[in-house]
Amino acid sequence: MTSWAVPTLGMPLPMAAAGNTGDVLIELGVILIVLALLGRLAARIGIPSIPLYLLAGLLMGDGGIIPVAAGEEFLEIGAQIGVVLLLLLLGLEYSPQDLRDGMKSNWRAGLLDLVANGVPGFAVGLILGWSITASLLLGGVTYISSSGIIARLLDDFDRMANRETPVILSLLVMEDIVMAIFLPLMAVLLVGATLAQGAIAAAVAIGLVAIAFLVSMRFSTHVNKMVHSHSRELLLLGVLGLTFLVAGLAEAVQVSAAVGAFLLGLTLSGQVADDVRGLLPPLRDVFGGLFFVFFGIGIDPRDLLPVLLPAIGLAIVTAVTKISTGIWAASRAGIGPKGQWRTGLSLVPRGEFSIVIAGLGVAAGAQVQLGPLAAAYVLILAFAGSILMRFADRIPSPLKAARPVKQVGREPGS
Amino acid sequence: MELFETPLPGVGVRYEFTAEGGDHVGVVVRRDGKRDIALYDREDPDSCRGTIELSEGDASKVAELLGGTNITARLEELKHNVEGLAIEWVTMPDGGGLVGKTIGDGRIRTETSASVVAVIRGEAAIPGPEPTFSLAPGDTVLVMGSATAVRQATQILTG
């Protein structure tokens with residue numbers, strides 16, 4: 001028993017193993033309870049839980065108040081599983097039909113979104129003297145909105161039926177498509193390939209996705225039969241097994257487990273996709289929580305100070321660019337000025353995927369400041385973005401003034 | 001009444017219509033079967049004055065209250081799940097076809113391979129009617145089979 005447990009925990013001394021297992025469990029218990037309490041707090045005051053988890057991580061570990069040492073190795077694996085599940089479900093979130101429709105009708109808004117929100121991050125990276133790869137990663141961090149936070153809040157604030165909501169969701173779909181290209185490209189660049197090699201690798205990855213799409217559409221009944229089961233246990237085992245296998249293989253060929261899981265998510269469809277969407281979210285939330293904590297633990301809060309200014313600057317600039325993107329997309333869809341304003345404000349929150357992108361760079365050692373900067377940036381925009389979303393109707397819109405609606409109001413009085 | 005359908009990627013489908021009284025109503029059918037009913041704001045037609053969130057069970061209860069029969073919805077679901085299987089509700093005409101004759105007289109199974117699964121007469125459903133069952137005007141006959149078979153069977157039934 002002990003001889004089996006020792007190598008798993010990476011403990012060289014068999015003597016210490018028993019005590020250490022206890023320590024790991026205690027630490028893990030403390031972390032999970034902290035997450036549970038923070039999650040309740042977040043729900044009570046109506047903010048997303050991701051920034052709180054991140055904050056908890058910052059307060060633990062190096063330079064934090066609560067030291068975490070014994071469980072770090074387990075936490076690392078837990079965090080890795082969290083990333084894999086986050087990206088699997090991101091890939092699964094939209095059906096191939098959604099992606100096709102999104103590509104056809106929203107590519108202009110999607111392109112504007114990418115340029116307006118990716119370029120500021122990329123530029124700041126270059127100004128800070130980072131490498132091109134690290135700057136591209138920062139561009140990804142500032143580009144991608146948090147579909148997790150946004151979808152949750154749209155639901156909480158009863159805006160799912162609103163007419164501007166399809167505009168918001170279709171922009172998120174476009175970001176999903178961009179990720180399918182961006183993630184493999186970054187994964188390749190991070191292992192030190194040139195931009196051209198990266199482009200080729202990304203093209204190959206996209207080709208594979210396309211083939212997998214075709215296969216999954218043609219043979220979806222076979223895949224269904226293989227993975228599908230009425231027993232939740234068997235279904236979970238099958239899906240998790242397949243996911244970890246694909247993620248591990250992707251990691252082995254240097255494409256990063258996260259990317260592998262994402263591509264697998266994109267290719268799963270039909271009944272299996274529905275089943276997985278019903279089954280995996282709680283598991284993703286637990287391991288995803290561990291991932292945010294782990295990301296925070298890896299950052300010394302003292303490192304936040306030097307990057308605070310760029311983070312605040314980027315947050316302001318990219319909040320404005322996201323709002324403008326939303327307004328533009330909504331106005332093209334024929335949404336009224338109030339709805340345009342809500343669309344813009346709803347796109348501001350950044351969250352899990354910004355952290356995932358930064359995590360790729362941190363794991364590869366691309367840039368030491370990337371982690372702290374991304375953490376500060378996400379903290380600011382996850383909080384600010386959800387507040388902007390909540391009070392969207394009460395925040396005076398600059399768009400209203402520009403419209404001659406006011407005159408209608410004045411008429412009865414005069 | 002005109003019903004507009006908008007896909008909500010990652011969520012489901014939104015239907016909207018303007019009621020005769022002028023109220024603008026939206027219904028979101030979520031992927032997991034939940035429904036939201038929303039009443040749009042007249043001042044800001046893009047937003048809702050309020051929404052009602054209904055579970056799948058709530059929704060079918062409300063549908064019953066509103067006068068719909070949820071058997072149709074369930075069959076719709078079945079139709080979606082089984083590819084290559086067509087289901088048709090055939091209302092018997094006042095005369096002609098198999099009106100006044102028995103199901104066996106039509107030799108539907110032999111000629112078309114489609115099956116008569118049930119007959120609905122007034123409020124009562126008769127599942128699995130015998131070949132000796134005699135059809136009356138206004139009966140609704142539920143036919144199942146391949147698309148072609150169902151089409152042919154409809155022809156035999158209605159004449």
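In the hairpin of β1(B) and β2(B), where three residues lie between the strands, Gly10(B) adopts a positive phi near 80 degrees. The model is predicted: local features need pLDDT of at least 70 and side-chain atom pairs count only at pLDDT 80 or more, while totals for chains, interfaces and linings use all residues. Residues are numbered from 1 along each chain as its sequence is written, and chains are lettered from A and ligands numbered from 1 in the order in which they are written. Strands (E, at least two residues) and helices (H or I, at least four) are DSSP runs numbered from the N terminus; two strands pair if DSSP finds at least two bridges between them.

Strands β1 (residues 4-8) and β2 (residues 12-18) of chain B are joined in the antiparallel sense by five bridges, with Pro7(B) opposite Val13(B) in β2(B). Seven bridges, again antiparallel, connect β2(B) with β3 (residues 24-30) of chain B. Across from residues in β3(B), Gly12(B) faces Arg30(B) and Glu16(B) faces Gly26(B). The hairpin of β2(B) and β3(B) has five residues between the strands, and Gly22(B) takes a positive phi near 100 degrees there.

An open, antiparallel sheet of five strands in chain B runs in the order β1-β2-β3-β4-β5. Its edge strands, β1 and β5 (48-54) of chain B, each pair on one side only.

In chain A, helix α4 (residues 72-93) has 22 residues and spans 31 Å from first to last C-alpha, close to the 32 Å expected at 1.5 Å a residue (1.5 Å times one less than the number of residues).
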